[in-house]
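Hello,

Here is the structure I promised to pass on. Please open it first, then read the notes below it.

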Amino acid sequence: MDFFTEYYNIFRGTHEGSWAFLVILFIVAFILYRSRKMKAATILHMITRLFYLFMLVSGIGMLIALNFELFYVVKGLLAILVIGFMEMAAGKAKRNENSLGSLFIVLVLVLIVVLMGFRVISF
């Protein structure tokens with residue numbers, strides 16, 4: 001049994017927890033940016049970036065354990081889009097630009113990725 005298969009449950013637990021913290025931290029940081037509480041928002045944004053790393057590393061570990069099954073590769077690519085749009089929305093909120101469109105895209109993509117993770121959406 002190889003490393004990734006043996007520790008799949010650890011990767012999965014880390015991945016699920018990272019997603020939960022990531023969404024909560026992003027929403028709080030976004031609200032703080034919109035409220036112009038820049039120092040607190042910046043701190044939370046940096047912590048959010050740390051959870052991006054946890055999510056990516058654990059996701060890649062699970063992809064390796066699952067032999068890069070196409071469904072999970074697509075889910076991973078959508079998750080990378082979520083990270084990109086989260087950064088875009090937070091950056092726009094920080095600059096006090098219209099960020100609600102980016103926020104809407106983030107929420108829709110997060111919903112799709114989570115539903116894929118729980119196999120509500122599958123192909």
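Start with helix 2 and helix 3. Their axes come within 8 Å and cross at roughly 155 degrees. An angle over 145 degrees counts as roughly antiparallel, so helix 2 is roughly antiparallel to helix 3. The crossing of helix 2 past helix 3 is left-handed. The residues of this contact divide into 23 nonpolar, nine polar and one charged. Keep in mind throughout that this is a predicted model.

Now take helix 2 with helix 4. These two pack at an angle of about 20 degrees, and their axes are 9 Å apart. Angles under 35 degrees count as roughly parallel, so helix 2 runs roughly parallel to helix 4. Helix 2 passes helix 4 in a left-handed crossing too. Angle and distance between the axes are how two packed helices are described.

**The chain as a whole**

The protein chain has five helices and zero strands. From the N terminus on, its elements run α-α-α-α-α. The C-alpha trace spans about 50 × 30 × 15 Å along its principal axes. The chain has 123 residues, and 35% of them count as buried.

**The largest pocket**

Rolling a probe the size of a water molecule over the atoms shows where empty space is left. How big is the volume of the largest pocket, and what lines it? The volume is about 630 Å³. The lining is made of 25 residues. His15, Trp19, Met62, Lys75 and Gly117 lie nearest the centre of this pocket. Helix 4 gives the largest share of the lining, with seven residues. By class, the lining of the largest pocket has 17 nonpolar, four polar and four charged residues.

**The cavity**

How many cavities of 30 Å³ or more does the structure hold? It holds one. About 30 Å³ of space lies in the largest cavity. Its lining is Val23, Phe26, Ile27, Met86, Val106, Leu107 and Val110. Helix 2 and helix 5 are the elements that give two or more residues to this lining. The lining of the largest cavity has seven nonpolar residues, no polar residues and no charged ones.

Most residues other than glycine have a negative phi. Phe68 sits in the loop between helix 3 and helix 4. Asn96 also has a positive phi, near 60 degrees. Asn96 lies in the loop between helix 4 and helix 5. Is Asn96 buried or exposed? Its relative accessible area is 52%, and the cut-off for exposed is over 50%, so Asn96 is exposed.

- Ala20 is found in helix 2. Ala20 and Phe51 are 31 residues apart in sequence, and their C-alpha atoms are 9.7 Å apart in space.
- Ile31 is also in helix 2. Ile31 and Ala90 are 59 residues apart in sequence and 9.3 Å apart in space, C-alpha to C-alpha.
- Ala40 belongs to helix 3. Ala40 and Ala90 lie 50 residues apart along the chain, and 13 Å separates their C-alpha atoms.

**Where to look when you open the model**

For the helix packing, look at helix 2 against helix 3, then helix 2 against helix 4. For the open space, go to the largest pocket and find His15, Trp19, Met62, Lys75 and Gly117 nearest its centre.

Best wishes

Terms used:
Residues are numbered from 1 along each chain as its sequence is written. This is a predicted model: local features need pLDDT of at least 70, side-chain atom pairs count only at pLDDT 80 or more; totals for chains, interfaces and linings use all residues. Side-chain values use heavy atoms; hydrogens and water are left out. On a 1 Å grid over the protein atoms alone, a cavity is a set of points where a 1.4 Å probe fits but cannot get out, and a pocket is an open set with protein on both sides within 12 Å along at least five of seven lines; lining residues have an atom within 4 Å of a point. Grid points are joined across faces, edges and corners, and a volume is the space filled by probe spheres set on the points. Helices (H or I, at least four residues) and strands (E, at least two) are DSSP runs, numbered from the N terminus. Ala, Val, Leu, Ile, Met, Phe, Trp, Tyr, Cys and Pro count as nonpolar, Asp, Glu, Lys and Arg as charged, and the others, Gly among them, as polar. Axes are lines fitted to C-alpha atoms, for helices over the stretch in contact, and angles run from 0 to 180 degrees between N-to-C directions. Angles under 35 degrees count as roughly parallel, over 145 as roughly antiparallel, 65 to 115 as roughly perpendicular and the rest as oblique. A crossing is left-handed if the near helix is turned anticlockwise from the far one by less than a right angle, and right-handed if clockwise. Buried means under 20% relative accessible area, exposed over 50%, partly exposed in between (1.4 Å probe, protein chains only).
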